[in-house]
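Please go through the metal site and the charged pairs of this predicted model.

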Amino acid sequence: MQLTVLVDNNSNVAHFLCAEPALSFCIEDGYRKILFDCGYSDAFIKNAYQLGIDLSDVTDIVLSHGHIDHTGGLGRLQSLYLKISRVGFPICVKRITAHPNIMHQLEDDSLANKSLPQLCDLFETSFTAHPRYLTDNILFLGEIPVTDKTRYRHRDDSSLVYTSESGLVIISGCSHSGLINIAEYAKKVANDNRIRAIIGGIYIGNNHENDIKEIGEYLRNENVECIYPCHCCDLDTKLLLSRYVPVKDVYSGLAITF
Ligand SMILES: [Zn+2]
Ligand SMILES: [Zn+2]
């Protein structure tokens, strides 16, 4: 499986790609090409073009949750597909996989994308709160069991898991459900106790230092090979986590083969 970061908060001089406070990954596994989140603007489309990644043959779109920094680019993607089909190229039907609550964004959530129902209407949708394999090795987790009440308001948050031969690779948007909750559920659903790596945003609540310590100790105990914290994960969090587990840099254009 190859994962390419189409857009992240971070960029570097090796690529000169756009960065924005948002997230989008392209995941290629066999003949399937999965777009995981769509960023905030059309930056992910511009970056994909620069990287030589063709978005016209994306087979699946997965939305980690409904926040605008993960779904704002969906309309731009639809415009791109309309433009391509107008010049005569056939576009296969794109299926959106997400948690069904993504269609019911909370009124008091300042990052909610209220246009999502209209945007999703333009695609085929496959919403599920249950775990579902998108390919032989890529699993959409659906609803992640959360016991911590402070995380309840992000009830549409989900993640992908790649089941590699040497353990699980967790691919997350913002980890609003809590990284440990996600990792424990991934282990249970995939029936594998080995967490190999984690890539994505790691959202930390108000209880900053205690939460990071708990996550760090958990990752160390689980013998996680390395993590790629990005997007909503700030430098302080990355530095603190690096005391427990190897931390890798992430930026628009980074490609990792798992
Ligand atoms: Zn979010
Ligand atoms: Zn986010």
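The arrangement around the zinc ion (ligand 2) is irregular, because its 4 donor atoms subtend angles of 85 to 166°. The donors are D69 (OD), H70 (NE2), C174 (SG) and H231 (NE2), at 2.1 to 2.4 Å from the ion. Along the sequence, these donor residues follow the spacing D-H-x103-C-x56-H. The zinc ion (ligand 1) lies 3.6 Å from the zinc ion (ligand 2).

Turning to charged pairs, the whole structure holds 10 salt bridges. One of them joins the side chains of D60 and R95, with 2.9 Å from N to O. D60 belongs to strand β4 (residues 60–62) and R95 to strand β5 (residues 95–98), so this pair ties together parts 35 residues apart in sequence. D60 counts as buried, at 1% relative accessibility, whereas R95 counts as partly exposed, at 24%.

Another salt bridge connects E225 and R196, at 4.0 Å from N to O. Since E225 lies in the loop between α6 (208–221) and β12, and R196 in strand β11 (residues 195–201), the pair ties together parts 29 residues apart in sequence. R196 counts as buried, at 15% relative accessibility. Salt bridges with shared partners also join R32, D60 and R95 into one network.

The side chains of D192 and R194 form a further salt bridge, 2.8 Å from N to O. D192 is buried, with a relative accessible area of 15%, and R194 is partly exposed, with 41%.

How values were computed. Residues are numbered from 1 along each chain as its sequence is written. Chains are lettered from A and ligands numbered from 1 in the order in which they are written. This is a predicted model: local features need pLDDT of at least 70, side-chain atom pairs count only at pLDDT 80 or more; totals for chains, interfaces and linings use all residues. Side-chain values use heavy atoms; hydrogens and water are left out. Donors are N, O and S atoms within 2.8 Å of the metal (3.2 Å for Na, K and Ca); water is not among the atoms, so sites may look incomplete. Four donors count as tetrahedral if all angles lie between 85 and 135 degrees; four count as square planar and six as octahedral if opposite donors are over 155 degrees apart and all others between 65 and 115; anything else is irregular. Helices (H or I, at least four residues) and strands (E, at least two) are DSSP runs, numbered from the N terminus. Buried means under 20% relative accessible area, exposed over 50%, partly exposed in between (1.4 Å probe, protein chains only).
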